Amino acid sequence: MPLGDMRTPLLSNSFDTPEESLPCDPGNPIVGILGSGDYSRSLAMRLVACGYRVVVGSRDPKHIATGQFPDGVQLLTQREAMVGTEKVVFAALYPEYYHTLVGLRDVLAGKVLVDVSNATKLNSGEPSNAERLAELFPESRVVKGFNVVSAWALQTGAHDGSRQVLISSDCPEAKRTVIQLARCMSFLAVDMGGLASSRHIEDAPLRLFPSWGGPLMVTFLLILFFYGYNFLRGVLMPYLSRGQNNFYQLPLETVNETLPAVALVILALVYLPGLWAAALQLVRGTKYSHFPGWLDHWMGRRKQLGLLSFLCAGLHAVYSMCLTLRKASQYRLLDAAYRQVKAGVEHSWEEPQVWRSDFYLSSGILGLGVLTLLAITSLPSVGNALSWREFTFVQSGLGYAALTLSIMHTLFFSWDFAIFSFAYPYYMPPTYLLALILPCLVLVGRLFLALPCLAFRLAKIRRGWESPCHHPPQTQEDTANGVLPRDLSGDV
């Protein structure tokens, strides 16, 4: 690549129309924008880049700095702009200023008025901004849309931001017009129904990670449990019983003992609902019965649980590498060397421990690597490039491989400690032993479902077969009319 190309910025700092944008075709309809703020500028940039002619209506167009809008955009007064607009008008101003547009009712009559505003607070119980706009302009066809698209996504294009545009309106023709406009702008329009659904659409940008609440709460509770258990077992009880001061372990060592246990349990929670769903289908003998609501909700949060498991595993790897940098580790190493010299031990090599530590580290690194691959493929930009078979192989096949490697990592670390009494101080089992219970149950359950007798029946059920108890026997009249039994219909 020439050096001059390296100096060219990825995103232009000016508002000039990019080279790849379409020329403004005089035959294209003129799109109007009410307002001259940041969102109005971004919207004008995107429309011009897609070949539309744009006219912006401002209360005082003379105060707009030169070059603030792309070339080709006309800056006029609000009335002049609306007179020149043919069909679609974007209301890109705050809802508290909607009343200032009442004087434009005559020029906005019959036109599609797109409301791009958001709610100011969640679940207010009041009419939405779009509904209030429809009351102010009863002769206009109000459409709710584009409020979930940021100004950055409009400037950079749909490939760098959210592609979905939620659309709602009580006028089907106006809704189709805005949906077609969104598609021409390379966005994915989603029909949300009538204007009553605009309340939900306006609340959407205000929700902070709506699908992460449950997974984050589960992760927090697991961290609280395992950290409290490690604190009680390794710090508080030794101090109360023997006066041993281990409080220095709280910032790093106790955290590092907590993170792998949390990561392992959360990873098991990713695959447990799938096993539960398969068991329900086997018991019911059909795939047409709905799962319980809690199971549906759980299965819909598996991606978030998987990413949180990856986060805890990654933090565990970083903490483990930092353990040797502590002063406490240096002191322990010096003490061990002094005791070895004092005991006259010249060769402390233990072959089983060497093999054990290498297997322990290797399985942990491989497990983290597979988890990283799972996290990458969960990104929409990567997952959308995979076929369904490829995505299933990565998320299910490699997911169980990551779970197996994580279990091996734990077992290689301390598989035989559980048989010694010193591993149960104060009658409390080791943390890793508690963390292994659920993952091992999940792995055994998956192996159980892999048995040919169960795997074949489950495959039949998922291809539409049903147990005879779920439908009445075939009658002669049904046979004469060509009605197939449910288990032969192959419904998808």
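The buried residues of helix α5 pack against β4 (88–91), β5, β6 (141–144) and α8 (198–203). Helix α5 covers residues 129–136, and its buried residues are N129, A130, E131 and L133. Buried means a relative accessible area under 20%, exposed means over 50%, and partly exposed is in between, with a 1.4 Å probe and protein chains only. Packing here rests on contacts, that is, heavy atoms within 4.5 Å. Helices (H or I, at least four residues) and strands (E, at least two) are DSSP runs, numbered from the N terminus.

Before going on: this is a predicted model, in which local features need pLDDT of at least 70 and side-chain atom pairs count only at pLDDT 80 or more, while totals for chains, interfaces and linings use all residues. Residues are numbered from 1 along each chain as its sequence is written, and side-chain values use heavy atoms, with hydrogens and water left out.

Now to A109. It sits in the loop between α4 (105–108) and β5 (112–115). Is A109 buried or partly exposed? It counts as partly exposed, because its relative accessibility is 30%. Leaving aside residues up to four places away in sequence, A109 touches E139 and S140.

Next, helix α9, residues 213–242, which contains L224. L224 has a relative accessible area of 52%, so it is exposed. Together with M217, F220 and L221, L224 makes a nonpolar surface patch of about 420 Å². Such a patch takes residues with over 30% relative accessible area and no salt bridge, joining nonpolar side chains (Val, Leu, Ile, Met, Phe, Trp, Tyr) within 5 Å and like charges within 9 Å. A salt bridge is a side-chain nitrogen of Lys or Arg within 4 Å of a carboxyl oxygen of Asp or Glu.

For the whole chain, the secondary structure comes to 20 helices and eight strands. Of its 492 residues, 38% count as buried. Among contacts with a separation of 6 or more, 73% are between residues 24 or more positions apart.

Last, confidence. The average pLDDT, the predictor's confidence in each residue from 0 to 100, is 86, and 89% of the residues score at least 70. Over residues 1–24 the pLDDT is below 50, and this stretch has 26 contacts beyond near neighbours in sequence. Where pLDDT is low, the predicted coordinates should not be read in detail.

How values were computed: Accessible areas come from the Shrake-Rupley method with a 1.4 Å probe; for residues, only the protein chains shown count as cover.
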